[in-house]
Amino acid sequence: PIHARPPSVTYKFKKLLVRKTGLVTTVGILFTTAVFIASYWGWLRSEAKSWEREARGFAQQERYEEAKKLLDQAKVRISVDSNLYRLCEVKLEERRNRAEAKQREDEIWGPIRTHLEQLPATPEGWRRALALLETGLSDVAGSWDSWMKVGEYHEKLFQNEQALEAYRRAWEINPRLSVARYRRGKILMTL
């Protein structure tokens with residue numbers, strides 16, 4: 001007896017490969033290229049994401065220049081966290097502004113510091129030092145260092161209210177200044 005049956009899927013596929021070799025080769029090359037491009041894009045994206053994570057770590061350590069460089073690199077490949085990027089830009093701008101203010105302050109305070117060092121450590125010397133500091137403060141009111149000096153001289157002259165105010169202003173300018181808080185507390189305990 002003859003056992004006839006329809007051709008199998010494997011047989012049909014082999015015949016298609018033989019008949020349409022050019023088309024199958026083209027589709028294979030396109031598929032391989034698509035897989036390669038997708039994997040390369042994924043690798044680029046993962047590298048950029050790792051740069052963004054590293055930049056976030058730098059930003060937490062207040063190393064904003066390195067963070068911004070990494071974000072600039074990552075920005076070419078992916079859309080980076082805009083808040084983190086803006087934070088780095090703002091912090092770098094603040095740092096530049098502080099450096100410029102410090103330079104201006106040194107121009108003003110340099111001669112005053114020289115005079116302060118030459119004054120005697122007597123109540124009269126402290127009063128003259130306060131007068132010198134007051135002239136400098138009119139030019140640079142944003143100097144926590146100068147307010148600390150004003151507070152020290154008022155404290156030496158037992159002018160506690162003025163010393164408290166000077167330490168408060170120094171602390172407002174630089175909230176990390178624990179010495180100002182300590183001195184305020186010391187004065188308040190004696191009142």
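**Entry 1: overall layout**

I began with contacts, meaning heavy atoms within 4.5 Å. Among contacts in the chain between residues at least 6 apart in sequence, I found that 50% join residues at least 24 apart. I note that the model is predicted, that local features need pLDDT of at least 70 and side-chain atom pairs pLDDT 80 or more, while totals for chains, interfaces and linings use all residues. Residues are numbered from 1 along each chain as its sequence is written, and side-chain values use heavy atoms, with hydrogens and water left out.

I then looked up the elements, which are DSSP runs numbered from the N terminus (helices are H or I with at least four residues, strands are E with at least two). The chain has 8 helices and 0 strands. The radius of gyration, taken over C-alpha atoms, is 36 Å, well over the 16 Å that the globule rule gives for 191 residues, so the chain is more spread out than a compact globule. That rule is 2.2 Å times the number of residues to the power 0.38. Along the principal axes, the C-alpha atoms fill a box of roughly 130 × 35 × 20 Å.

For burial I used relative accessible area with a 1.4 Å probe and protein chains only: buried is under 20%, exposed is over 50%, and partly exposed lies in between. Of the 191 residues, 26% count as buried.

**Entry 2: H3 against H4**

How do the axes of H3 and H4 cross? I found that the axes of H3 (residues 64–77) and H4 (residues 82–118) come within 9 Å and cross at roughly 145°. Axes here are lines fitted to C-alpha atoms, for helices over the stretch in contact, with angles from 0 to 180 degrees between N-to-C directions. The crossing of H3 and H4 is left-handed, which means that the near helix is turned anticlockwise from the far one by less than a right angle.

On the H3 side I listed residues including Tyr64, Leu71 and Lys75, and on the H4 side residues including Leu84, Cys88 and Arg95. By class, the contact of H3 with H4 has 8 nonpolar, no polar and 7 charged residues. Ala, Val, Leu, Ile, Met, Phe, Trp, Tyr, Cys and Pro count as nonpolar, Asp, Glu, Lys and Arg as charged, and the others, Gly among them, as polar.

**Entry 3: H2**

Glutamate 54 is in H2 (residues 21–60) and is partly exposed, at 40% relative accessible area. Its C-alpha atom is 9.1 Å from that of leucine 71, 17 residues away along the chain.

I also checked aromatic rings. Rings of Phe, Tyr and Trp (its six-membered ring) pair if their centres lie within 6.5 Å; planes under 30 degrees apart are stacked, over 60 edge-to-face, the rest tilted. The count comes to 2 aromatic pairs. Phenylalanine 36 and tyrosine 40 have ring centres 6.4 Å apart and planes at 10°, so the pair is stacked. Being 4 residues apart in H2, phenylalanine 36 and tyrosine 40 are separated by about one helical turn. Phenylalanine 36 is exposed at 55%, and tyrosine 40 is partly exposed at 43%. Ring pairs link Phe36, Tyr40 and Trp43 into a cluster.

**Entry 4: positive phi**

Most residues other than glycine have a negative phi. Glutamate 62 has a positive phi, near 60°; it is in the loop between H2 and H3. Phenylalanine 158 also has a positive phi near 60°, and is in the loop between H6 (144–156) and H7 (160–173). Phenylalanine 158 is exposed, at 72% relative accessibility.
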